[in-house]
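The structure is shown first.

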Amino acid sequence: MEKINILWADDEIDLLKPHVLFLEEKGYKVETTNNGAEAIDMIKQHHYDIVFLDENMPGLSGLETLSQIKNIKSTLPVIMITKSEEEGIMEDAIGSKISDYLIKPVNPKQILLALKKNLEAKHLISEKTTSAYQQEFRNIGMTISDRLSYAEWVELYKKMIYWELALEKTNDPGMADILKMQKEEANNSYFKFIQNNYLNWLNKPNENTPILSHNVFQKLIAPLLDKDKPVFVLLIDNMRFDQWKVLQSKFEEYFRLEDEKTYSAILPTATHYARNSFFAGLMPSEIQKRFPQLWVDEIAEEGKNNHEKELLEQLLIRLGKREMKFSYNKITNLTAGKKLAENLSNLMTNKLNVIVYNFVDMLSHSRTDMEVIRELADTDSAYRSLTLSWFEHSPLLDIVKQLAEKNVRLVITTDHGTINVTEPSKVVGDKNTNSNLRYKLGKALQYEKKDVLEVHNPADAHLPKVNVSTSYIFAKTDRFFAYPNNYNYYVSYYKNTFQHGGISLEEMIIPLVVMGPK
């Protein structure tokens, strides 16, 4: 390994000779100077991995030197060494982005620890993370093969997301690939779990049945409406659990985490079904039966989620909250997001405010092609990074900041997740078959049985019947449906895109987070 180059600038550098020798004995290369001006010249001419900088030097002071160093090489780590413990000096130094500071007199062990912390920490953390996952690998594998309850599946999924995010920060792609294979194995087992249990959840519920899309509002959100604070429900369309975890720290800058739960999305895990059920408090077939004017059939050309406010209003009436003031706001473009941010104060007299933020539309401006996402993020890691970047530069962050200044409770959730599809599965249907890549409904569908969960009687899954012979199929794991005609073109077009509507941990296990004021 190449030697680490250190520059040490101190007007008493001769008195520090023993420390310099100590570092050289440890394998570091140390160059020295007794003033800030020369330190700046040396940094311009040579490469250094880290700088030790005395705060109190004659001529160019330590803070002045630090400022010029950062102008030349903004990422170069600088450790400030000072005789003073004055708070103002330390605040100035930290504000100027020092990496660390030491108080004189320093000893060799302090110096060595500072070097390891600032130069080797990432490597050490990477090693520790990889080692810890290697130990956990066997436990996860054994858990996947167990007969798990829904609650156990949630815990396993959370554990895999934890390791996925942790390994992402290491320099070991091999471990990340192993975890990816474990996730694929888990999704295959989860598909069998859904095959064996989903219809029973709907028709023979028991104490192990999870909260589902159609009862999440009543069970998890309605109880909050009886408390003192106004409730804002922020439903970010298409947000997976791992995406929530990368956004969490941003939200926690402004709010305090009170509770983190999950619920299960219904099938199909698509906006038309899952989100309408969320706001209606009813399964799709019940919406169609009780409110036919508010349900739009799959084959209709009009928008499928244009009546969410009316469905929510009916739900609130059934929950005994007929007189409660509420608002419903759907954000589908940047202009609408900015307008809501500007008028947020007008909502503060409502007991309930719902904000549906169409995250995917914000990124791609296309519900089907998702062109921007496909180009910028063809892996889960890149998709998470894109999510964070979008949020940091969106009007939604401004909305969150404003809400943090009010005495409100914030509920953050979504309607379904999404999965990166990689394996095509051939399907044949008539001209009325829907276009979704992860679920199909129609008559006389032909498909690979091993790739799907099939529901021949839609009533069993509480889904609408378009005609007397309608059946539904849902794609397993990372499969996506492709027609035999133009097969190769469509396979290459949709492979490694993010789709929803089928059965996977990513699409079905949904975060619901309650946050309160700090």
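## Helix packing

α13 and α17 run roughly parallel to each other (an angle under 35 degrees), because their axes meet that cut-off. In this predicted model, local features need pLDDT of at least 70 and side-chain atom pairs count only at pLDDT 80 or more, while totals for chains, interfaces and linings use all residues. Residues are numbered from 1 along each chain as its sequence is written, and side-chain values use heavy atoms, with hydrogens and water left out.

Helices (H or I, at least four residues) and strands (E, at least two) are DSSP runs numbered from the N terminus. Two packed helices are described by the angle between their axes and the distance between the axes. Here axes are lines fitted to C-alpha atoms, for helices over the stretch in contact, and angles run from 0 to 180 degrees between N-to-C directions.

| Helix pair | Angle | Axis distance |
|---|---|---|
| α13 (residues 334–342) and α17 (residues 395–404) | about 15° | 9 Å apart |
| α6 and α9 (residues 241–251) | about 55° | 10 Å apart |
| α10 and α12 (residues 308–318) | roughly 35° | within 7 Å |

The crossing of α13 and α17 is left-handed, meaning that the near helix is turned anticlockwise from the far one by less than a right angle; clockwise is right-handed. On the α13 side, Leu334, Gly337, Lys338, Leu340 and Ala341 meet Pro395, Asp398, Ile399 and Gln402 of α17, where contact means heavy atoms within 4.5 Å. This contact of α13 with α17 has 5 nonpolar, 2 polar and 2 charged residues. Ala, Val, Leu, Ile, Met, Phe, Trp, Tyr, Cys and Pro count as nonpolar, Asp, Glu, Lys and Arg as charged, and the others, Gly among them, as polar.

α6 passes α9 in a right-handed crossing. Tyr157, Lys158, Ile161 and Leu165 of α6 meet Phe241, Asp242, Lys245 and Val246 of α9. The residues of that contact are 5 nonpolar, no polar and 3 charged.

## Cavity and pocket

On a 1 Å grid over the protein atoms alone, a cavity is a set of points where a 1.4 Å probe fits but cannot get out; a pocket is an open set with protein on both sides within 12 Å along at least five of seven lines, and lining residues have an atom within 4 Å of a point. Grid points are joined across faces, edges and corners, and a volume is the space filled by probe spheres set on the points.

The whole structure has 1 cavity of 30 Å³ or more. The largest cavity holds about 40 Å³, and its lining includes His272, Trp295, Asp297, Glu298 and Tyr472. That lining has 7 nonpolar, 1 polar and 2 charged residues.

The second largest pocket holds about 670 Å³. Of its 27 lining residues, Glu164, Ala176, Lys180, Lys183 and Asp380 are the closest to its centre. α7 gives the most to this lining, with 9 residues. The lining of the second largest pocket divides into 5 nonpolar, 9 polar and 13 charged residues.

## Backbone features

Most residues other than glycine have a negative phi, and most peptide bonds are trans. Lys104 and Pro105 are joined by a cis peptide bond with omega about 0°, and Pro105 lies in the loop between β5 (100–103) and α5 (108–144). Another cis peptide bond joins Leu267 and Pro268, with omega about -5°. Ala444 is not a glycine but has a positive phi of about 55°; Ala444 sits in the loop between β13 (439–442) and β14 (446–447).

Notes
Angles under 35 degrees count as roughly parallel, over 145 as roughly antiparallel, 65 to 115 as roughly perpendicular and the rest as oblique.
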